[in-house]
Amino acid sequence: MNLCVDQGNSRTKVALFKDDGKMVKAFLYKSFHSTDIERLFTLYPVTDAIISSVGTIEPAVVNAMHRLSHRFILFDHNTPIPIRNSYDTPHTLGQDRLAAAIGANWLTPDENLLIIDAGSAITYDFVSEDNVYLGGNIAPGVKMRLVVLHQMTQKLPLVEVEDGQLLPLFGKNTPDAIAAGVLRGITYEVKGYMQTIEERTGHFKTFLTGGNAPYIYNNLRRELCYEKHLVLIGLNRILEYNKQ
């Protein structure tokens, strides 16, 4: 099995894949340590592993993965990948963004792709039909927008929203006005990207992933392909590509 680890800003996502690319197990950790690696290698027949992080990886985790794996990849801008990366500064490109783009390209090759990752921030990335990563944009995420509205004003409360929450077009109280303003604003933002790409390319497919994806998917599910584990799928594709 392949062990794929995606260390994000607030939690670590882990998945096990068979050689045929099928995911067989997925795990979510609030904190991830070398003892977790030891346990995974003990419980499952893992042979190869890859890890990606948007921050600093605990050295003991890297050491454990390197020691226990037949093949180990610490994913960075020097790692060979199955698509061409035309980003001007590849060393600054978030590994999760690139992995998600590779995952979408593996699921739907030779197609124009918009990849939306709704996490702590919302990222919009584009892969062309000739399998080139062309770049993307970064915007504040759901919680970030709610927190900023509260912290940058004197009277607006800190509002929490639920996954898939249905909201009125216009709020009739302040919490609903904030929630609707943030969530509908993101929805219109997504629609704007999709409309622009359609005008420029004529045909494309949109992939949605990330912890806050349900906020978007609830309103646009007919127009999006939701893949919860898109980054992990991309990491597995990178690992398999390097085996070959």
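Trainee: Do strands E7 (residues 113-118) and E8 (residues 121-127) pair in the parallel or the antiparallel sense?
Mentor: This is a predicted model, so to speak: local features need pLDDT of at least 70, side-chain atom pairs pLDDT 80 or more, and totals for chains, interfaces and linings use all residues. Numbering runs from 1 along each chain as its sequence is written, and side-chain values use heavy atoms, leaving out hydrogens and water. Pairing takes at least two DSSP bridges, and E7 and E8 have six, in the sense called antiparallel.

Trainee: What is the bridge partner of Ile115 in E8?
Mentor: Stay with the E7-E8 pair and its six bridges. Across from Ile115, the partner in E8 is Asp125.

Trainee: Why is E7 largely enclosed by the rest of the structure?
Mentor: Check both faces: Leu113, Ile115 and Asp117 point one way, Leu114, Ile116 and Ala118 the other. Buried means under 20% relative accessible area with a 1.4 Å probe, protein chains only. E7 is largely enclosed because, of its six residues, the number buried is six.

Trainee: What volume does the largest pocket have?
Mentor: A pocket is an open set of points on a 1 Å grid over the protein atoms alone, with protein on both sides within 12 Å along at least five of seven lines; lining residues have an atom within 4 Å of a point. Here 37 residues form the lining, with Arg11, Lys13, Gly119, Gly210 and Gly211 nearest the centre. E7, E8 and helix H3 (95-107) are among the elements that each supply at least two lining residues. Volume is the space filled by probe spheres on the points, joined across faces, edges and corners, and here comes to about 920 Å³.

Trainee: Which element gives the most to the lining of the second largest pocket?
Mentor: This pocket holds about 200 Å³ of space. Its lining includes Leu114 and Asp125, residues of E7 and E8. E8, strand E9 (132-140) and helix H5 (174-201) each supply at least two of the lining residues. With five residues, the top contributor is H5.

Terms used
Buried means under 20% relative accessible area, exposed over 50%, partly exposed in between (1.4 Å probe, protein chains only). Helices (H or I, at least four residues) and strands (E, at least two) are DSSP runs, numbered from the N terminus. On a 1 Å grid over the protein atoms alone, a cavity is a set of points where a 1.4 Å probe fits but cannot get out, and a pocket is an open set with protein on both sides within 12 Å along at least five of seven lines; lining residues have an atom within 4 Å of a point.
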